[in-house]
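Here are my notes on the model, as numbered points. Please read them with the structure open.

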Amino acid sequence: MQIIAHRGASGLAPENTLKAMSLALDLGAKAIELDVQWADGELWVFHDRRLERCTNGQGVLTGQSREYLASLDAGDEERIPTLWQVMALVAGRCELHIELKGAHTAEPVAALTRRAEAELGFTQAHWVISSFHHPELAHFASLRPDLRLGALTASLPLHGARFAEELGAWSLNCDVDFVDQTLVADAHRRGLKILVYTVDEVSDERALASMGVDGIFTNRPDRFS
């Protein structure tokens, strides 16, 4: 089973920060998941729509200036990193699962993955691009059809894994609260991997492994070998 550090080692350091990414690498993570949003001409690694939970700032991230976003404390005196800063830190040492958070992210992420392949030692095999925003994911696929896609869902879809197959995805990424044996079997029947978020307990990982799940996103990669 693949172990993917969720927002870096976010159970041990502030989520989506360079500190969390560095710690995940130090723990030997073979894959790291992160979230990206587009604001003021830059891709920011940040999950929430608003700034309050994870920073000392206020407001909706996408409405802020780069100067304001760069000034905020994201925990432990860490800043909100840009996607390029995370790419430069990782430098091809593990896979990056990049979640597109809404519109206007596909084109700049496609451009930056190409640049990282040219300058930072990444290859096409290092990327998995995912999103709940399925139109944006489909747009990304038109820009970089050579990269793997992860189709995200926070529910148990009415027609199983069909939506992910129709998107041309490599994986169906689903919530631990909704995954079941039938969905896993349907995904595999369609040639899809199935990855589950967010799994921090070893007992849950064992139960998912018994279903045949292919990977988990975890805030605590230190708990899993």
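**Notes on the predicted model**

1. E15 sits in the loop between β1 and α1. The model is a predicted one. Is E15 buried or exposed? Its relative accessibility is 18%, and the cut-off for buried is under 20%, so E15 counts as buried. Beyond its neighbours within four places in sequence, E15 contacts R7, S10, H47, R53 and C54.

2. G8 belongs to the loop between β1 (2–6) and α1 (18–26). Its relative accessible area is 0%, so G8 is buried. Which residues does G8 touch, not counting those up to four places away in sequence? They are A20, M21, A24, I32, E33 and T218.

3. A39 is in strand β2. With a relative accessible area of 1%, A39 is buried. Its contacts, leaving aside neighbours within four places in sequence, are W44, L61, T62, Q64 and L69. S142 lies 103 residues from A39 along the chain, and their C-alpha atoms are separated by 22 Å.

4. Does its length fit its residue count, or what span should it have? At 1.5 Å a residue, the 14 residues of α4 should span 20 Å. The end C-alpha atoms of α4 are 20 Å apart, which agrees. Just after α4, G121 adopts a positive phi of about 85 degrees.

5. Which residues of α4 are buried? They are A106, P108, V109, A110, L112, T113 and A116. Residues three or four places apart in an α-helix point the same way, because there are 3.6 residues a turn. The cover over the buried residues of α4 includes the strands β2 (31–39), β3 (42–45), β4 (95–100) and β5 (127–131). It also includes the helices α3 (83–90) and α5.

6. Take the packing of α3 on α4 next. The angle is about 25 degrees, and the axes are 11 Å apart. That makes α3 roughly parallel to α4. The crossing of α3 past α4 is right-handed. From α3, the contact uses L83, W84 and M87. From α4, it uses V109, L112, T113, R115, A116 and E119. By class, this α3 and α4 contact holds six nonpolar, one polar and two charged residues.

7. Now α4 with α5. Helix α4 (residues 106–119) packs on helix α5 (residues 134–143) at about 40 degrees, with the axes 9 Å apart. The two helices are therefore oblique to each other. α4 passes α5 in a right-handed crossing. On the α4 side, the contact has A106, E107, V109, A110 and R114. On the α5 side, it has E136, H139, F140 and L143. The classes in the contact of α4 with α5 are five nonpolar, one polar and three charged residues.

8. V109 is among the buried residues of α4. It is part of the contact with α3. It is also part of the contact with α5.

9. D186 is in helix α7 (residues 181–189). Is D186 buried or exposed? Its relative accessibility is 12%, so D186 counts as buried. Not counting residues up to four places away in sequence, D186 touches H159, G160, A161 and R162.

10. Some backbone values call for a check. Most residues other than glycine have a negative phi, and most peptide bonds are trans. D76, in the loop between α2 (66–71) and α3, has a positive phi near 55 degrees. A91, in the loop between α3 and β4, has a positive phi near 50 degrees. At 33% relative accessibility, A91 counts as partly exposed.

11. Which peptide bond is cis? The bond from Y197 to T198 is cis, with omega near -20 degrees. T198 lies in the loop between β8 (193–197) and α8 (202–211).

Terms used. Residues numbered from 1 in each chain as written. Predicted model: local features only at pLDDT ≥ 70, side-chain atom pairs only at ≥ 80, totals over all residues. Heavy atoms only, no water. Axes fitted to C-alpha atoms, helices over the stretch in contact; angles between N-to-C directions. Helix = DSSP H or I, 4+ residues; strand = E, 2+ residues; numbered from the N terminus. Parallel < 35°, antiparallel > 145°, perpendicular 65-115°, else oblique. Left-handed = near helix turned anticlockwise from the far one by under 90°. Contact = heavy atoms within 4.5 Å. Nonpolar A, V, L, I, M, F, W, Y, C, P; charged D, E, K, R; others polar. Expected span 1.5 Å × (residues − 1). Buried < 20%, exposed > 50% of the residue type's maximum accessible area, 1.4 Å probe, protein only.
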